[in-house]
Amino acid sequence: MSMPINQLKHKLQDNLNGKLKDKLTQQLATIYQDVELEQSYEEIAHALLTIMELSNKEITAKPFTNHWSEKDIILITYGDSIIKEDQPPLKTLKTFLDSTIKNTINSVHILPFFPYSSDDGFAVIDYSSVNESLGTWQDIEQISEHYHLMSDLVINHCSSRSAWFDNFIKGEGQGSDFFFTALPDDELSEVVRPRTSPLLKEVETGQGKKFVWCTFSHDQVDFDFRNPEVLTAFTSIIKQYLDTGVKIFRLDAIAFLWKIAGTTSINLPQTHEVVRLLRTLIESANSSAIIITETNIPNTQNLTYFGNANEAHGIYNFSLPPLLLNTLLTGNCLYLKRWLMSMPPPQDGTMYFNFIASHDGIGLRPAEGLLSEDEIDNLVETIENFGGKISWRTSDTGEQKAYEMNISLYDAMQGTVKGKDQWNFERFICAHAIMFALEGIPGIYIHSMLGTQNDYQKLANTHHNRSINRHRWHENDLEEALADKNLHHGKVLSTLKYLLNTRIKQAAFHPNATQFTLHLGLQLFGFWRQSKDRKQSIFCVSNVSDQTVALPLSELNLITTESWLELISHTKITELTQEITLNPYQTVWISNIANGN
């Protein structure tokens, strides 16, 4: 190396007006400072630029630029969440998108659509191919032409049945040195992971017995990013995804990327720098492309992935699902309100990705330090009473702790901690009305959009708890369910679309618009949003209890010189000193009449 690493880092720190290769070189120096390499940082940087077809141009990326607005909403779905006989599921999905949500939702996250061996897609066999049971790259591109496409970059691990891992076992070819190994007598007691299975998998290879690191399952073998060839391989994958229309990259399980024996091997500095480097490459290739990190970890750790607006553009708001569920099942918003007040407003160029249901369960680690142990135990017990399942992990002290709750969101809202009641639909809609209005971009799971309930048959077939919320609809059955006025599915879809269509017209619902928490007691959860130009204010208030509650409008800052409208019911408010009676789980969005409202 031509100069000491610290000197190089100092020279190039925050050099936003420098050359792209210089920035990459500095980032590589930070990542690999404790690793002996055969290549120089400059050579690796050159290889990355070549793969991405980038010249050593001036850096033009503007880190504090928002590439999103209040019109951005992301639908989360598997490629085969809806199937039709004799038709590739991706074509069926495209038909559903066009016929059902096209003018409401502009983005779609298709969960891993690659060949896989387990974990419903997250044990990838081949990153360069589309699972032929779903369709083709042409089907993916047709979706990306009409919707912002979000795709998973499953970057921490791949399938044990991949060609790369076959080469690891043989000891030759690409992949033979791609996987992280350790020894059983290494100091691994501090390693943090969300599974109870043994960390190391014993494998016989052409070079003898090895122990491969498996953060998740033994079919998901972890990469060794100390080898720059792993980074260059994933750079090629990123380039292919960009070329096929991917605009939003979800970095799956990114927190576990870098491992060091004797440490927790989670959220290490090298991991954060890899995220920064990937951002440099992605936004240099497409200035409007964004990265969202999937880090299902305690809230304070999750927030670090923003960096200084130079890491993730967005982070999953993992604390929201358990806190909001706890609020609606207890009728008490204390913990949700405390959390909301503590959340820093994201800088321009960053945003929260809000969701309350997904293909995974409702994680409990993000509630650590936010909910008491008693609250969590009560929540777990209630979900089990509603037919849900609980997944477990081993804590630092060796005890089994609830890791996530597996249940469809509609069934999770069947009642309260007191038991089931008649407010299932209203409670479910209330949860979404809150989420849609919060600072950030909303992501809605397709099975929430359709009011899908627990799939016990799939659970019995797979014996995996997460299958309970991964139903596969046959198109004919779905159409019948949506048309049946005796069922809730059509009502859920139309109500959520109405709320979303209302949301996308409000400047005050921009993901980075101002947000302040309101203090209206424990049964009313409220916050104030104000547009970036300060012309529109919306007071968002929800009754989170099963009781009728009065909302005194005098508790809100309703300026007397403005005219006010409740957006959901489209009711004008004429007396600013009156009380509004909120029914159980009713939400109001009270806006000054501006921006065409």
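Tutor: A cavity here is a set of grid points where a 1.4 Å probe fits but cannot get out, and its lining residues have an atom within 4 Å of a point. The model is predicted. By that definition, the second largest cavity is lined by 18 residues. Those that lie nearest its centre are Phe 318, Phe 355, Ser 358, Asp 360 and Gly 361. The space in this cavity is about 150 Å³. Two elements, α10 (320-330) and β13 (362-363), each supply at least two residues of its lining. By residue class, the lining of the second largest cavity has nine nonpolar, six polar and three charged members.

Asp 360 is also among the residues that lie nearest the centre of the largest cavity, together with Phe 216, Asp 252, Glu 294 and Arg 466. That cavity has a volume of about 220 Å³ and a lining of 21 residues. Strands β9 (246-252) and β15 (400-406) are the elements that give two or more residues to this lining. Its residues divide into nine charged, seven nonpolar and five polar. Across the whole structure, the search finds six cavities of 30 Å³ or more.

For the packed side of the picture, turn to the largest nonpolar core, which has 171 residues. Tyr 127, Phe 179, Phe 223 and Trp 589 touch the most other members. Helix α14 (residues 424-437) contributes the largest share of this core, 10 residues. Apart from this core lies another, of 18 residues, including Leu 518 and Ile 590.

Notes:
Residues are numbered from 1 along each chain as its sequence is written. This is a predicted model: local features need pLDDT of at least 70, side-chain atom pairs count only at pLDDT 80 or more; totals for chains, interfaces and linings use all residues. Side-chain values use heavy atoms; hydrogens and water are left out. A nonpolar core is a set of buried Ala, Val, Leu, Ile, Met, Phe, Trp, Tyr and Cys residues joined through side-chain atoms within 4.5 Å. Buried means under 20% relative accessible area, exposed over 50%, partly exposed in between (1.4 Å probe, protein chains only). Helices (H or I, at least four residues) and strands (E, at least two) are DSSP runs, numbered from the N terminus. On a 1 Å grid over the protein atoms alone, a cavity is a set of points where a 1.4 Å probe fits but cannot get out, and a pocket is an open set with protein on both sides within 12 Å along at least five of seven lines; lining residues have an atom within 4 Å of a point. Grid points are joined across faces, edges and corners, and a volume is the space filled by probe spheres set on the points. Ala, Val, Leu, Ile, Met, Phe, Trp, Tyr, Cys and Pro count as nonpolar, Asp, Glu, Lys and Arg as charged, and the others, Gly among them, as polar.
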